[in-house]
Amino acid sequence: MNHPGNLFVVAAPSGAGKSSLVKALLEVDAGVHLSISHTTREPRGQEKHGREYFFVSPDEFDALAAAGGFVEWAHVHGNRYGTSRMAIERRIAEGGDVMLEIDWQGALQIRRRFASAILIFVLPPSLDELRARLQRRGEDAPEVIALRVRNAEHEVAQAENFDYVIINEFFERALFDLKAIVHAQRLKFAAQKSARPETFKALHIA
Ligand code: 5GP
C-alpha cells in the first residue's frame with residue numbers, strides 16, 4: 001500500500017509573509033499541492049473563483065458545513081473560511097503532499113483530526129516590522145493596520161502549539177527553512193520506502 005502523503009499546514013499573522021513563502025515554494029516544488037479553500041468573502045482584484053478560493057454565499061457555505069464537507073472551518077476577519085474534505089483526502093491517500101494556508105484556529109482543528117499533520121507557524125521578526133510591512137503593502141487603511149497588529153500580538157502566542165516555527169526576517173532564509181521542513185518529511189523511513197521500493201527490496205529491508 002502507498003504511504004499516505006504529508007499534510008502541511010502553514011499559519012501566520014497577516015503581513016508575516018506566509019502567502020509569498022508558500023507561492024515561492026510551489027514554484028519550485030511541483031510535488032506540493034495547495035488546497036483551495038471555500039470562503040464567504042467577496043473576491044478582491046484579479047481573484048478568480050476556483051483559483052484563489054471557491055467564493056460561495058453564506059447559505060452555500062452553511063449547507064456544505066452541515067453536510068460535513070469541511071475538515072475545518074473558522075471565522076476570520078468577519079468572514080467564513082473552510083477546507084473541503086474533497087480538496088485534500090483523496091490526494092493524501094494517494095501519497096501526494098498537500099499544503100493548507102489557513103489561520104491558526106483552522107490549523108488546530110486539523111491537528112485534532114489528522115494527528116500526523118505538520119503544523120508550521122510563520123512569525124515576523126517583530127511587531128514593528130509587521131506594522132512596517134503592512135504599511136508598505138498599502139492595501140489597508142491605518143485603522144485596519146492597527147487592528148491587524150493588535151490581533152497579531154495574540155496570534156503569535158499560538159506558535160507554541162505548532163511543530164515548526166519560521167521567522168521571516170530574510171525571505172530567502174525563510175524559504176530555505178520551509179523547503180527544509182518539506183524535504184525532511186520526505187526522508188522519513190516510511191516515505192522513502194514507499195518512494196523507492198526497488199532500492200529497499202534490493203537491500204532486503206523489510
Ligand atoms: P484572505 O481573505 O486575506 O485571503 O485570508 C484571510 C485569512 O484566512 C488568512 O489568514 C488565510 O490564511 C485564512 N484562510 C484562508 N483559507 C482558510 C481556510 O480554509 N480555513 C481557515 N481556517 N482559514 C483560512
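**Around the ligand**

Tutor: Start with Ser37: one of its polar side-chain atoms lies 2.6 Å from an oxygen atom of the ligand. Keep in mind that this is a predicted model.

Student: OK. And how far is an N or O atom in the side chain of Arg41 from an oxygen atom of the ligand?
Tutor: That distance is 2.6 Å.

Student: What about the backbone of Gly82?
Tutor: A polar backbone atom of Gly82 is 3.2 Å from an oxygen atom of the ligand.

Student: How much of the ligand's accessible area does the protein cover?
Tutor: It covers 88% of the 510 Å² that the ligand has on its own.

Student: Which pocket does the ligand sit in?
Tutor: The largest one. Strand 5 (70-76) and strand 6 (79-84) are the elements that each give two or more residues to the shell around the ligand.

Student: Which residues come nearest?
Tutor: There are 15 residues around the ligand, and Lys18, Ser37, Arg41, Tyr53 and Tyr81 come nearest.

Student: How does that shell split by class?
Tutor: The shell has 6 charged, 5 nonpolar and 4 polar residues.

Student: New topic. Where is Gly31?
Tutor: Gly31 is in the loop that runs between helix 1 (18-28) and strand 2 (32-34).

How values were computed:
Residues are numbered from 1 along each chain as its sequence is written. This is a predicted model: local features need pLDDT of at least 70, side-chain atom pairs count only at pLDDT 80 or more; totals for chains, interfaces and linings use all residues. Side-chain values use heavy atoms; hydrogens and water are left out. A residue is near a molecule or strand if one of its heavy atoms lies within 4 Å of it. A polar contact is a pair of N or O atoms within 3.5 Å; within protein, one must be able to donate a hydrogen and the other to accept it, and residues adjacent in sequence count only if both atoms are side-chain atoms. Accessible areas come from the Shrake-Rupley method with a 1.4 Å probe; for residues, only the protein chains shown count as cover. On a 1 Å grid over the protein atoms alone, a cavity is a set of points where a 1.4 Å probe fits but cannot get out, and a pocket is an open set with protein on both sides within 12 Å along at least five of seven lines; lining residues have an atom within 4 Å of a point. A molecule sits in a cavity or pocket if more than half of its atoms lie within 2 Å of its grid points. Helices (H or I, at least four residues) and strands (E, at least two) are DSSP runs, numbered from the N terminus. Ala, Val, Leu, Ile, Met, Phe, Trp, Tyr, Cys and Pro count as nonpolar, Asp, Glu, Lys and Arg as charged, and the others, Gly among them, as polar.
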